[in-house]
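Please open the model in a viewer and keep the selection tool at hand.

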Amino acid sequence: MKRYSFVQLLRNAIGLGDGWQQAWRSPEPKPSYDVVIVGGGGHGLATAYYLAKNHGVRNVAVLEKGWIGGGNTGRNTTVVRSNYLWDESAAIYEHSLKLWEGLTQELNFNVMFSQRNLVMLAHTEHEMIEASRRVHANRLNGIDAEIWSREQTLAFIPILNKSMNIRYPVMGGSAQPRAGIARHDAVAWGFARGADALGVDIIQNCEVIGVRREGSRIVGLDTTRGAIDAKKVAFVAAGHSSVLASLAGFRLPIESHPLQAMVSEPIKPVLDTVVMSGAVHAYVSQSDKGELVMGAGIDAFNSYAQRGSLPILEDLASAMVELFPIVSRLKILRSWGGIVDVCPDASPIIGRTPVDGLFINCGWGTGGFKATPGSGWVLADTIANDRPHALAAPFSMERFASGRLIDEHGAAAVAH
Amino acid sequence: MLLIPCPYCGERTESEFRYGGEAHFRRPENHLEATDEAWADYLFMRKNPKGWHRERWMHIAGCKRWFYVVRHTVTHRISSVYKVGDPLPDLPS
Ligand SMILES: Cc1cc2nc3c(=O)[nH]c(=O)nc-3n(C[C@H](O)[C@H](O)[C@H](O)COP(=O)(O)OP(=O)(O)OC[C@H]3O[C@@H](n4cnc5c(N)ncnc54)[C@H](O)[C@@H]3O)c2cc1C
Ligand SMILES: [Zn+2]
């Protein structure tokens, strides 16, 4: 792999370079692999990258039914933060945030990680109390978190509605200065390029349609490009996790829902941070192109359709207009949906499954983009060593029988 | 956007309804004896099929009654609705 650098950019621009290399190969699938990852989203690609990089496991394939990053990785609103309430979540999301901070250098691919602060608004006395509870919990876990007064919040975000005469006036909020946004496509492409350079086969247009077992052990997969043997397999398929689990003969505590987002026409810079409001159900940041990137909550019904219903977007628009009156005349450029894998406790499932040799990573629901590097890191370690990584252990599927749920609805419901 | 035919009131827009998730799973019979796994199964495990889905809806802004819908989770097409206690209609092939 040729490294990207300013010198290479310059040489190619003035015609002295030897051109640009393909970023990753498109190999034919081999008959067998040590590890096969099903799902070429950010999490699957990161898992393959860290398997090769940290554990020297290089006979690895990533199978993707469409194109890499075409699932939720390329559909999300790219909020990255780690200010979750419970210790288990704080540990894994903060591990991920630390990886984000070095990811562009690590991958030699600009993922445009922009740490621009993130403010979660509080609109009631009760929300202020909840915010300070979470900030204290975060600080005990070594996460940068601050509680902000109304004055601080309004000064930092000048376009916020200052009126006290609205249903949800801004009372203050909590902030995480190290949070921010990143370029989602670049994350998939950067991990793909890095993994490919270490020998991983990235195989697109290859859908897994069957699971081959011998006794209680997985031995391979049937795909639309033929049968592939595998010593170990990991399902990293987000919204399609239940479909894959049913091929392997077990059920998951997951339901698939549409999650929608939309962007406005581009305008001059008005917002240099990320703002979230659980009470009015909206969150927003401004892209480098000037579009306001806005997201809402899930559509209530089960769906695999990658589209949702209009009332969700209407509610989002009305919430935006209440929070930021200046956006009322903006046009919406486009809206879209992804299929998110929602777990009852709004926390992921990472680890072993009832089938030997088969691992799973799913349930990130509305908020897994931020976890991409951390999730890949812990899953790779779990697969390589056949036991859960310490950060992954609390997120095993057994928690649904033992009752040790990690309830992050407060931190994750609308906040992504 | 779904147009849902309430069996009591007729077709109404989705926003008049509240979704109740997968239908027809039962609470463990002998709850004192039921294992943790049986409870987990009842409380959390779901079929979540990519295809036809039997589900519960409530007409919250209308008759306020629960009923069942057979809906496809990719096309969102509704093939039938039925009342609590009605025999289960077949899933379309
Ligand atoms: C609108 C929206 C906004 C969001 N906003 C945020 C946010 O701001 N911050 C945040 O942290 N998270 C956010 N999320 C959630 C986040 O996008 C996901 O949690 C995360 O991207 C999941 O990554 P993944 O790699 O697991 O899944 P995906 O990127 O969905 O990858 C799974 C892949 O598996 C493939 N696949 C499925 N079945 C098969 C099969 N049988 N064979 C082969 N391949 C298969 C799919 O094609 C897909 O490419 C948002 C999601 C949406 C939809
Ligand atoms: Zn009715």
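Begin at the boundary inside chain A: across the interface of domain 1 of chain A and domain 2 of chain A, 14 residue pairs are in polar contact. The model under view is a predicted one.

**Helices on the domain 1 side**

Select helix H3 (87–101) and helix H8 (241–248) of chain A, the elements that give two or more residues to the side of domain 1 that touches domain 2. Of that side, H3(A) gives the most, with six residues.

To see both partners whole, select 29–109, 183–253 and 345–412 of chain A as domain 1, then 118–178 and 256–342 of chain A as domain 2. The C-alpha centres of these two domains lie 28 Å apart. How many residues of each domain take part in the contact? In domain 1 of chain A there are 30, and they are in contact with 28 residues of domain 2 of chain A.

The size of an interface is often given as the accessible area lost when the parts come together. Domain 1 and domain 2 of chain A bury about 2,400 Å² between them, with 52% of this area on carbon and sulfur atoms. Now select A:Arg75, A:Thr77 and A:Asn83: these three supply 27% of the area that domain 1 of chain A buries against domain 2 of chain A, more than any other three residues.

Side chains of opposite charge can pair when their charged atoms come close. Between domain 1 and domain 2 of chain A there are two salt bridges. Next, display the side chains of A:Glu94 and A:Arg178, which form a salt bridge with an N to O distance of 2.8 Å.

**Chain A as a whole**

Show chain A as a cartoon to find twelve helices and 19 strands. Along its principal axes, the C-alpha trace of chain A spans about 65 × 65 × 40 Å. Why may chain A be compared with a compact globule? A compact globule of 416 residues would have a radius of gyration near 22 Å, and the 21 Å of chain A agrees with this.

The structure holds 23 salt bridges over all chains. For one inside chain A, select A:Glu106 and A:Lys53, whose side chains meet with N and O 2.8 Å apart. This pair links distant parts of the chain: A:Glu106 belongs to helix H4 (residues 103–107) and A:Lys53 to helix H2 (residues 42–55), and the two residues are 53 residues apart.

**Chain B**

Move to chain B, which has one helix and six strands. Following the sequence of chain B, the pattern reads β-β-β-α-β-β-β. The C-alpha trace of chain B spans about 45 × 30 × 25 Å along its principal axes.

**Where chain B meets chain A**

Display both chains together and select the residues in contact: 24 residues of chain B touch 24 residues of chain A. Chain B and chain A bury about 2,100 Å² between them, and carbon and sulfur atoms give 56% of that area.

The interface of chain B and chain A holds one salt bridge. To view it, select A:Arg251 and B:Asp41, whose closest N and O atoms are 2.9 Å apart. Between chain B and chain A, 15 residue pairs are in polar contact.

Finally, select strand E3 (18–22), helix H1 (36–43) and strand E4 (52–58) of chain B, the elements that give two or more residues to the side of chain B that touches chain A. H1(B) gives the most to this side, with four residues. The residues on this side of chain B divide into nine nonpolar, six polar and nine charged.

Note on methods. Residues numbered from 1 in each chain as written. Chains lettered and ligands numbered in written order. Predicted model: local features only at pLDDT ≥ 70, side-chain atom pairs only at ≥ 80, totals over all residues. Heavy atoms only, no water. Domains from an automatic or database assignment. Contact = heavy atoms within 4.5 Å. Buried area = accessible area lost by both parts, 1.4 Å probe. Salt bridge = Lys/Arg side-chain N within 4 Å of Asp/Glu carboxyl O. Polar contact = N/O pair within 3.5 Å; in protein donor to acceptor, adjacent residues only side chain to side chain. Nonpolar A, V, L, I, M, F, W, Y, C, P; charged D, E, K, R; others polar. Rg over C-alpha atoms; globule rule 2.2 N^0.38 Å.
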